[in-house]
Amino acid sequence: MNAGDKGHAISRRTLLRMAAGGAVACSAAVWGRSIGPRPRKTPNIVFILADDMGWADVGHHGSTIRTPHIDRLVQEGVRFDRHYVMPTCTPTRVGFISGRYPSRFGVTAPAYGKIFDDDTITLAQALRDSDYATSIAGKWHMGSPPDHTPLKYGFDTSYGYLHGQIDPYTHHYKTGVPSWHRNDEYLQEEGHATDLITDEAVRIVKIVKSKYDRPFFLYLNYSVPHYPLDEPTEWTSMYEATIAEPSRRLFAASITHMDHGIGRIVEALNEASLRENTLIVFVSDNGGQQSWHSNTEYKGRYADKPHTVLGDNRPLRGWKGQVYEGGIRVPALANWPGVLEPGRSDVLVHIVDWMPTLCGLVGYKPPRDLRWDGRDVWPAIRGDAKPSGQRLLYWKTPNASAVRSGDWKLVLANDGRSAQLYDLASDPYETNDLAERDPARVAELRLAWTKFAAADR
């Protein structure tokens, strides 16, 4: 049994009670007793992941896509100009929840089965051990049901879908199997996934306000703007006059729909008088995807609706799945009123940094060395101190790897034969390969790559 299994199996009786008495009552029961009033020393944490949102797919990066609520969080918080993730969804999520490069678990692409070692302490487990109520809403994609689902890895409550992506209305995976669940047990529910995920987040805020005086961690994973896209006219109509391509119009509508949901969550926090003590982080899980079409997936529902134009990573190079900047550098922000001063940060931040950063913020002391690849970047986010030493970052996919040292980046084919070298300070869009001109630096970064890869599974 993995850490966090005990006491968190949800019985059929509980599920039926949830249906009769509402999800709020059920989640309150799962979280246990109230611990009574006490001073708050640690923040609530709402960590939001968009799915396949590109660099140029958000208003404050100059997009025509309307994201007023995200833009306001940026204006009143910290905007990250150099926030990195992995090039695809499972690896980014594994890096976030473990603080380690996903290749340490053998994960370099979307994955199923068993991912984490039996002794892995996840971020959710660490926060629960720090007296947080922990919840996930939306996408999981870090293990296969029934054995490797959220409640096994530190979450008190779970809701959303277990697989990589779902149809927004049927909530089925691309193979046609069901994926929608509450507390790791399948259920059928009507509605658009974006609305249902937002509704769950709002419910969690209300539970915390009405039942508990303990901090909460909400890991909120929207399904959009990942394909397949199907949006109500309410959201597509606002782009009829400005975006000609139907799939790009759907893409834009899905982001604005999500942005509206984020606004509802912020409003719920304000109404519950929790906003001033809540850290909100927003990140995309990887860069935008160029296009998609399938005649067979999702039971052929999208055979006549090719998604020919999706994300926009300009001016960065590359797409989702690639280790160029367009695949791994994404829109990101952190907002905590009265604590984080508004501004822009050029500090290098990687998704693996968030576990050590949040653990440090709440005072969690690991019982052993968790072998984090990330570092605590909170002082840099606060603007109190610059990170010391030259930062080394690492990415690995089935086809290519990359290492960044300071402003230098090496892109390697996994066979080790071809290498590209870029100076991101003078060439942020990776147009000028300097590998032949600077073989000594290539050799230096190859050595760093070799050391990183040696610790992979």
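Asparagine 183 turns up in the loop between β6 (180–182) and β7 (185–186); strands here are DSSP runs of E with at least two residues, helices are runs of H or I with at least four, and both are numbered from the N terminus. Its phi is near 50 degrees, a positive value in a residue other than glycine. Asparagine 183 is also buried, with a relative accessible area of 2% (buried means under 20%, exposed over 50%, and partly exposed in between, with a 1.4 Å probe and protein chains only). The model is a predicted one, where local features need pLDDT of at least 70 and side-chain atom pairs count only at pLDDT 80 or more, while totals for chains, interfaces and linings use all residues. Residues are numbered from 1 along each chain as its sequence is written, and side-chain values use heavy atoms, with hydrogens and water left out.

Aspartate 52 has a positive phi too, of about 75 degrees, and is not a glycine either. This aspartate sits in the loop between β1 (44–50) and α3 (68–75), and with a relative accessible area of 1% it is buried.

Then there are the cis peptide bonds. One runs from proline 145 to proline 146, with omega near 0 degrees, and proline 146 belongs to the loop between β4 (133–139) and β5 (157–161). Another links valine 224 to proline 225, with omega near 5 degrees; proline 225 is in the loop between β8 (216–221) and α7 (233–236).

Tryptophan 372 is placed in the loop between α10 (354–362) and α11 (378–382). This residue counts as partly exposed because its relative accessibility is 27%. Beyond its neighbours within four places in sequence, tryptophan 372 is in contact with residues including Ser98, Arg100, Met355 and Cys359 (contact means heavy atoms within 4.5 Å). A polar atom of the tryptophan 372 side chain lies 3.5 Å from the backbone oxygen of serine 98.

Further along comes an open sheet of four antiparallel strands, in the order β13-β14-β15-β16; strands pair if DSSP finds at least two bridges between them. At the edges are β13 (392–396) and β16 (419–423), each pairing on one side only. From one strand to the next, the twist averages 15 degrees. Five bridges join β13 to β14 (residues 400–405), and tryptophan 395 stands opposite alanine 402 in β14.

How values were computed
Axes are lines fitted to C-alpha atoms, for helices over the stretch in contact, and angles run from 0 to 180 degrees between N-to-C directions. A polar contact is a pair of N or O atoms within 3.5 Å; within protein, one must be able to donate a hydrogen and the other to accept it, and residues adjacent in sequence count only if both atoms are side-chain atoms.
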